[in-house]
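The sequence and structure are shown first.

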Amino acid sequence: AQGAVTLRKESIAALEISYRACAALREAGAEVYMTRWNEETGVSNLGRADYALEVGADYFIRVHLNMAEKKTANAIDVYCPDQSPYARLALDKATYRLLARALADALSAQTGVKTARTHFSDQFIGNNWARMPAFLVETGYMSSPANDVLLSHPVFQDRVARGIAA
């Protein structure tokens, strides 16, 4: 994905937000592991899930930026695995729903984005293979000019990071 206005790659903006979330979580006392620290490092979705297991992660948070046909799209989406056998071992569906809602609400409160949705889906390999609670967070829409500019701005990225940490 590439920004409609900034032309920045999703992988760069997501990494910037992830750096900030890492710092916010560590400041709150969490031990944080990142699957990559630079743009050049390539890690498969399965490799990311394996790494989370290897380090003994309690949660697996995946930061992304979304795309849509509608150029005014403005929402945060949190995805949980649906039928994955690993997800079923990690948490029951009701607890997944509660944690996803808490994450979406914290992101909405910190960013001011009114629409924060939760979804169950098996379309994300990294979530499906995670052996701990896994959440893919679509932090906004790069295809929306207004969202694209915000998602590249350090102040807004800090708000997203604080929402993830909260």
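Helices, taken as DSSP runs of H or I with at least four residues, are numbered from the N terminus. The model discussed here is predicted.

## Pro 154

Pro 154 belongs to helix H7, which covers residues 154–165. Partly exposed residues are those between the buried limit of under 20% relative accessible area and the exposed limit of over 50%. Pro 154 is therefore classed as partly exposed, because its relative accessibility is 40%.

## The largest pocket

The largest pocket holds about 1100 Å³ of space. Its lining comprises 40 residues, and those nearest the centre are Leu 25, Tyr 59, Phe 60, Ile 61 and Arg 62.

At least two lining residues come from each of helix H1 (10–27), helix H2 (45–54), strand S1 (60–66), helix H4 (93–111) and H7. The greatest contribution is that of H1, with eight residues. The lining of this pocket consists of 25 nonpolar, nine polar and six charged residues.

## The cavity

One cavity of 30 Å³ or more is found in a search of the whole structure. The largest cavity contains about 40 Å³ of space.

Asn 74, Ala 75, Ile 76, Val 113, Thr 139, Gly 140, Asn 147, Leu 150 and Phe 156 line the largest cavity. Strand S4 (134–141) and helix H6 (145–151) each provide at least two of the lining residues. By class, the lining of the largest cavity has five nonpolar residues, four polar and no charged.

Key
Residues are numbered from 1 along each chain as its sequence is written. This is a predicted model: local features need pLDDT of at least 70, side-chain atom pairs count only at pLDDT 80 or more; totals for chains, interfaces and linings use all residues. Side-chain values use heavy atoms; hydrogens and water are left out. Buried means under 20% relative accessible area, exposed over 50%, partly exposed in between (1.4 Å probe, protein chains only). On a 1 Å grid over the protein atoms alone, a cavity is a set of points where a 1.4 Å probe fits but cannot get out, and a pocket is an open set with protein on both sides within 12 Å along at least five of seven lines; lining residues have an atom within 4 Å of a point. Grid points are joined across faces, edges and corners, and a volume is the space filled by probe spheres set on the points. Ala, Val, Leu, Ile, Met, Phe, Trp, Tyr, Cys and Pro count as nonpolar, Asp, Glu, Lys and Arg as charged, and the others, Gly among them, as polar.
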